[in-house]
Amino acid sequence: MTHTKPNPRRRNGSRRTRLRKRVLAAYDTCWLCGRAVDKTLPPGHPWSGEVDEVIPVSRGGDPLDWNNVRLAHRICNERRGNKSPQAARAAFAGTKNEKTEQTFKSDEV
């Protein structure tokens with residue numbers, strides 16, 4: 001039987017819920033594409049707002065750190081995956097920059 005790791009975003013559910021509310025209140029635009037986020041859309045809708053980690057959890061980012069979270073469209077967050085912000089923006093623009101993937105940890109936001 002294989003054991004799966006617990007989701008670190010849920011290790012402190014009430015803290016993550018409060019952080020999500022702060023992010024939704026503080027930001028109005030998607031940090032990846034720069035377009036407005038419609039906060040009235042239901043969760044799960046491709047253009048709804050959700051919390052995205054600047055440094056993804058899979059790369060060592062803290063999902064509960066205010067300095068590591070931004071507002072993103074669900075679709076933008078899904079397309080980004082665990083790429084660096086610069087690599088994701090380049091992919092959105094239709095280009096690929098291998099160097100930004102290699103320097104992910106040192107990226108400035």
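**Figure 1. Surroundings of Leu32 in the predicted model.** Leu32 touches Asp52, Ala72, Cys76, Asn77, Arg80, Arg89 and Phe92, when residues up to four places away in sequence are not counted. The structure shown here and in the other views is a predicted model. Leu32 also belongs to the largest nonpolar core, which has 14 residues; within this core, Leu32 and Cys30 touch the most other members. Two or more residues of the core come from each of the elements α1 (13-26), β2 (69-73) and α2 (74-80). In soluble globular proteins, nonpolar side chains tend to be buried together.

**Figure 2. Overall arrangement of the protein chain.** The protein chain holds 4 helices and 2 strands. Followed along the sequence, these elements give the pattern α-β-β-α-α-α. The protein chain has 109 residues, of which 34% count as buried. Among contacts with a separation of 6 or more, 57% join residues 24 or more positions apart.

Figure 3. The structure contains 0 disulfides. Cys33 counts as partly exposed, at 27% relative accessibility, and Cys76 counts as buried, at 5%. Cys76 is also one of the residues that Leu32 touches.

**Figure 4. Ser48 in the loop between α1 and β1.** Ser48 is placed in the loop that joins α1 to β1 (49-53). Because its relative accessible area is 2%, Ser48 is classed as buried. The side chain of Ser48 reaches the backbone oxygen of His45 at a distance of 2.7 Å. Apart from its neighbours within four places in sequence, Ser48 is in contact with Val37, Asp38, Leu41, Pro42, Pro43, Ala72, His73 and Arg74. Of these contacts, Ala72 is also among the residues touched by Leu32.

**Figure 5. Asn77 in helix α2.** Asn77 is part of helix α2. With a relative accessible area of 14%, Asn77 is buried. Its contacts, leaving aside neighbours within four places in sequence, are Leu32, Glu50, Val51, Asp52 and Ala72.

**Figure 6. The stacked rings of Tyr27 and Trp66.** A search of the whole structure finds 1 aromatic pair. This pair is formed by Tyr27 and Trp66 and is stacked, with 6.0 Å from centre to centre and 15° between the planes. Tyr27 lies in the loop between α1 and β1, and Trp66 lies in the loop between β1 and β2, so the pair ties together parts that are 39 residues apart in sequence. Tyr27 is partly exposed, its relative accessible area being 25%. Trp66 likewise counts as partly exposed, at 24% relative accessibility. Arg22 lies over the face of Trp66, at 4.0 Å from the ring centre.

How values were computed: Residues are numbered from 1 along each chain as its sequence is written. This is a predicted model: local features need pLDDT of at least 70, side-chain atom pairs count only at pLDDT 80 or more; totals for chains, interfaces and linings use all residues. Side-chain values use heavy atoms; hydrogens and water are left out. A nonpolar core is a set of buried Ala, Val, Leu, Ile, Met, Phe, Trp, Tyr and Cys residues joined through side-chain atoms within 4.5 Å. Buried means under 20% relative accessible area, exposed over 50%, partly exposed in between (1.4 Å probe, protein chains only). Contact means heavy atoms within 4.5 Å. A disulfide is a pair of cysteine sulfur atoms within 2.5 Å. A polar contact is a pair of N or O atoms within 3.5 Å; within protein, one must be able to donate a hydrogen and the other to accept it, and residues adjacent in sequence count only if both atoms are side-chain atoms. Rings of Phe, Tyr and Trp (its six-membered ring) pair if their centres lie within 6.5 Å; planes under 30 degrees apart count as stacked, over 60 as edge-to-face and the rest as tilted. A charge sits over a ring if NZ of Lys or CZ of Arg is within 6 Å of the ring centre and within 35 degrees of the ring normal.
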